[in-house]
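Visitor: Before we start, please show me the sequence together with the model, and then let me ask about its details one by one.

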Amino acid sequence: MNSQITNTETAWRGVFFDGPQSSQDHEGDEIPMWVVYVGDADTTPIGKVYHVGSYAYAASLARSMARERNLELINEAMPA
C-alpha cells in the first residue's frame, strides 16, 4: 500500500503591531517608534517591517494590512 501524506496547510501568519519602542530622531533626541509587520507564529517578520513615528498612523496601517491580507491583527501596542 502506497500512502503519502501531503501537507496542504499554509503556515499561520498575522499582522503584528507593537510599541512604543525607544528610537532617536536626526538630532539624537529620544522619540517613540511603533512597528508593524506580517509575521509567523514565532513573531518572526516575513517581509518589510514598518517603523512608524505616530501611534495613530501605525494603528491605521496595521488595521489596513490585516484587512487587506485577511490576517489576524496582533495588537500589543499602546500610545506613548
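The questions and answers below go through aromatic pairs, backbone details, strand pairing and contacts.

Visitor: What kind of model is this, and how are its residues numbered?
Guide: The model is predicted, and local features need pLDDT of at least 70, side-chain atom pairs count only at pLDDT 80 or more, while totals for chains, interfaces and linings use all residues. Side-chain values use heavy atoms, with hydrogens and water left out, and residues are numbered from 1 along each chain as its sequence is written.

Visitor: How many aromatic pairs are there?
Guide: Rings of Phe, Tyr and Trp (for Trp the six-membered ring) pair if their centres lie within 6.5 Å; planes under 30 degrees apart count as stacked, over 60 as edge-to-face and the rest as tilted. By this rule the count comes to four.

Visitor: Which class does the pair of W12 and F16 belong to?
Guide: The ring centres of W12 and F16 are 6.2 Å apart, and 80° lies between their planes. Because planes over 60 degrees apart count in this class, the pair of W12 and F16 is edge-to-face.

Visitor: Is F16 buried or exposed?
Guide: Buried means under 20% relative accessible area, exposed over 50%, and partly exposed in between (1.4 Å probe, protein chains only). W12 has 37% and is therefore partly exposed. F16, at a relative accessible area of 8%, is buried.

Visitor: Why is the pair of F17 and Y55 classed as tilted, and which elements hold the two residues?
Guide: The ring centres of F17 and Y55 are 5.6 Å apart and their planes stand at 35°, so the pair is tilted. Helices (H or I, at least four residues) and strands (E, at least two) are DSSP runs, numbered from the N terminus. The pair links distant parts of the chain, 38 residues apart, with F17 in strand β1 (residues 13-24) and Y55 in helix α1 (residues 55-69).

Visitor: What is the omega of the peptide bond that joins G19 and P20?
Guide: Most residues other than glycine have a negative phi, and most peptide bonds are trans. P20 is found in strand β1, and the bond joining G19 and P20 is cis, with an omega of about 10°.

Visitor: Where does N70 lie, and what is its phi?
Guide: N70 lies in the loop between α1 and β4 (72-77), and at 70% relative accessibility N70 counts as exposed. N70 is a residue other than glycine, yet its phi is positive, near 55°.

Visitor: How many bridges join β1 and β2?
Guide: Two strands pair if DSSP finds at least two bridges between them. In β2, V38 stands opposite V15, and the hairpin of β1 and β2 has five residues between the strands, where G28 takes a positive phi near 90°. The pairing of β1 and β2 is antiparallel, and the number of bridges is ten.

Visitor: What is the phi of T43 in the turn between β2 and β3?
Guide: β2 and β3 pair in the antiparallel sense over five bridges, with Y50 in β3 as the bridge partner of V36. T43 is partly exposed, with a relative accessible area of 40%. The hairpin of β2 and β3 has four residues between the strands, and T43 in the turn has a positive phi of about 65°.

Visitor: Which residues does A66 touch, not counting residues up to four places away in sequence?
Guide: A66 is placed in helix α1 and counts as buried at 8% relative accessibility. A66 and G14 are 52 residues apart in sequence but 7.3 Å apart in space, C-alpha to C-alpha. With contact meaning heavy atoms within 4.5 Å, A66 touches V15, L71 and L73.
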